[in-house]
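Welcome! Please take a look at the structure below, and then we will walk through a few of its details together.

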Amino acid sequence: MNNLKKGILFAALFSSLFFIGCSHDDEDDDLVGNWIKKSAFDGPARSSATSFVIGDYAYVAAGYTGDVYLKDLWAYNSTGDYWEQKADFAGVGRSSASSFTLNGKGYVGLGYDGTNKLKDFYQYDPTSNSWTQKTDFGGTGRYGAVGFQVGGKAYFGTGYDGNYLKDFYQYDDQANTWTLVNGFSGNKRRNATVFVIDTKAYLVTGVNNGVYQEDFWEFDPSTDVWTRKRDVDKDTDDDPTYNDDYAIVRANASSFSMNGLGYIVGGESIKTVWEYIPSTDLWVERTPMEGATRSDAVGFAINNRGFYMLGRIGSTYFDDAWEFKPLDAQNDDDN
């Protein structure tokens, strides 16, 4: 009798686990989007690298292997799907640097070398494959900041210098100067992410004092005004018709934009993907990243193609590279 009861209990438990598994898979099956594995990164596996895009190429610089702070530079040819090593970054090896592209040049600065929070700043010329040191960043040395260019203006802001930060500085490449500009009225933070859609930049996620940030900001460079958009959390005080399924808050995520839409990918212990629609100020969940869960990865778009690569989980560092096709059905057999 006891054996019979144990058999019934085991069958019920097995059935429950089976249906829970099916339910999760069904939820993923309902999501749209497909991830395709691309040519693996030729350099050492790493996290906390930084990237900028010029023409058909994305440039990935620096990062941390778990043992070494790196200063190498690699160019990804998105047309041929291969990597080329370029001139080493001119500063010391570092992780969690920030970067942007401005007037055909790449710029890298800030970061952490294992001892110091950095504020030095360098320009990369892809034509001569050379680096030139420029005026140090105008704020404090820091890491975990964001860098972006929108409307022909380039910025570094937020991050961590021993304290959480929310200041923003604009770089003028003609005068080689930094100017403190308007910030947003939300919380300080580090490890946020920014994507640019047309003439606006969007700042989202990040962490402050161990708390994931829920506020979401749009920046217009023509007016220097930050506008608060709908929060990205699942706050029951908000209208549940738009955020009932939201699971967007996180840190150390990556982002890019394609075809007028923004995408957030991954982050600490997360592999979900969310798509932002600026015309409605709403988010839609897409197919999760099909590789390993990771944080401190690199995300960028080249000619409306979105890529995600590198990063780490715990002490495991990655050198794989992926492309996201947001309108395709998921295909488990194409990788």
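Setting aside neighbours within four places in sequence, S78 is in contact (heavy atoms within 4.5 Å) with D56, I302, R305 and F307. This is a predicted model, where local features need pLDDT of at least 70, side-chain atom pairs count only at pLDDT 80 or more, and totals for chains, interfaces and linings use all residues. Residues are numbered from 1 along each chain as its sequence is written, and side-chain values use heavy atoms, with hydrogens and water left out.

**Around S78**

- You will find S78 in the loop between β4 (69-77) and β5 (82-86); strands are DSSP runs of E with at least two residues, numbered from the N terminus.
- S78 counts as buried because its relative accessibility is 4%, and buried means under 20% relative accessible area with a 1.4 Å probe, protein chains only.
- The S78 side chain also reaches the backbone oxygen of D56 at 2.8 Å.

**A sheet of four strands**

- The order β20-β21-β22-β23 makes an open sheet of 4 strands with antiparallel pairing; two strands pair if DSSP finds at least two bridges between them.
- Its edge strands are β20 (254-258) and β23, each pairing on one side only.
- Strands β21 (residues 261-265) and β22 run antiparallel and are joined by 4 bridges, with E275 in β22 as the bridge partner of Y263.

- Antiparallel strands β22 (residues 273-277) and β23 (residues 282-286) are joined by 5 bridges.
- Here I277 stands opposite L282 in β23.
- The hairpin has 4 residues between its strands, and D281 in the turn has a positive phi of about 60°.

Notes. Buried means under 20% relative accessible area, exposed over 50%, partly exposed in between (1.4 Å probe, protein chains only). A polar contact is a pair of N or O atoms within 3.5 Å; within protein, one must be able to donate a hydrogen and the other to accept it, and residues adjacent in sequence count only if both atoms are side-chain atoms.
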